[in-house]
Amino acid sequence: AICEFLLSFKAFTLFATHFLEICQLDALYPNVENNHFEVQHNRSNTGSYNKIIYTYVLSKGCTQEKNYGLKAAEVSSLPPSIVLDAKDIASHITKQIWHKQRNTAESVQQRAMHHLATRLIQAARNSCLDPDRLRMYLTGLKKRYEAECVTARQSPQTDTSH
């Protein structure tokens with residue numbers, strides 16, 4: 001609810017969360033962009049637990065880590081029955097979310113248009129580029145926008161679970 005409230009003001013906002021549901025806002029709002037920090041998993045020598053190592057590498061898109069909080073709970077001292085119940089609930093909620101939220105070709109094209117408009121406004125306000133470099137930058141923006149539009153037309157309905 002807080003994210004959606006801030007989106008209505010078009011405020012630049014940074015959220016750090018373990019709630020993957022918030023990552024689905026990009027399917028609903030063209031001005032949302034997801035990034036995530038990569039992690040690595042290492043098994044103990046006995047294979048009895050999985051250690052999470054933070055890499056501090058920022059990558060575009062949603063994380064492929066599913067149920068990070070559950071993974072943290074597994075390596076904690078919580079009783080296994082509680083972790084199992086939490087996994088069942090999370091699975092049920094996740095199925096409902098994926099079923100309801102899909103990217104349509106129109107929403108992908110709207111997002112591409114929003115990204116183009118944002119970058120054009122930024123360039124107009126802040127550019128210190130000479131005319132030739134500005135022309136190259138704008139040409140690159142145009143090509144990226146056109147490629148995103150072609151992608152949107154080629155996939156009339158894309159499931160966001162990929």
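This is a predicted model: local features need pLDDT of at least 70, side-chain atom pairs count only at pLDDT 80 or more; totals for chains, interfaces and linings use all residues.
View 1. Residues are numbered from 1 along each chain as its sequence is written, and side-chain values use heavy atoms, with hydrogens and water left out. Cys-62 is partly exposed because its relative accessibility is 28%, and Cys-128 is exposed at 77% (buried is under 20% relative accessible area, exposed over 50%, partly exposed in between, with a 1.4 Å probe and protein chains only).

**View 2. A look at Leu-116 in helix H4, residues 105-126.** Helices here are DSSP runs of H or I, at least four residues, numbered from the N terminus. With 18% relative accessibility, Leu-116 counts as buried. Leaving out residues up to four places away in sequence, Leu-116 touches Leu-141 and Tyr-145 (contact means heavy atoms within 4.5 Å). Lys-142 sits 26 residues from Leu-116 in sequence, yet their C-alpha atoms are 7.9 Å apart.

**View 3. The largest cavity holds about 50 Å³ of space.** A cavity is a set of points on a 1 Å grid over the protein atoms alone where a 1.4 Å probe fits but cannot get out, and lining residues have an atom within 4 Å of a point. Leu-116 turns up again in the lining, along with Ala-112, His-115, Arg-119, Leu-141, Arg-144, Tyr-145 and Glu-148. H4 and helix H5 (131-154) are the elements that each give two or more residues to this lining.

Key. On a 1 Å grid over the protein atoms alone, a cavity is a set of points where a 1.4 Å probe fits but cannot get out, and a pocket is an open set with protein on both sides within 12 Å along at least five of seven lines; lining residues have an atom within 4 Å of a point. Grid points are joined across faces, edges and corners, and a volume is the space filled by probe spheres set on the points.
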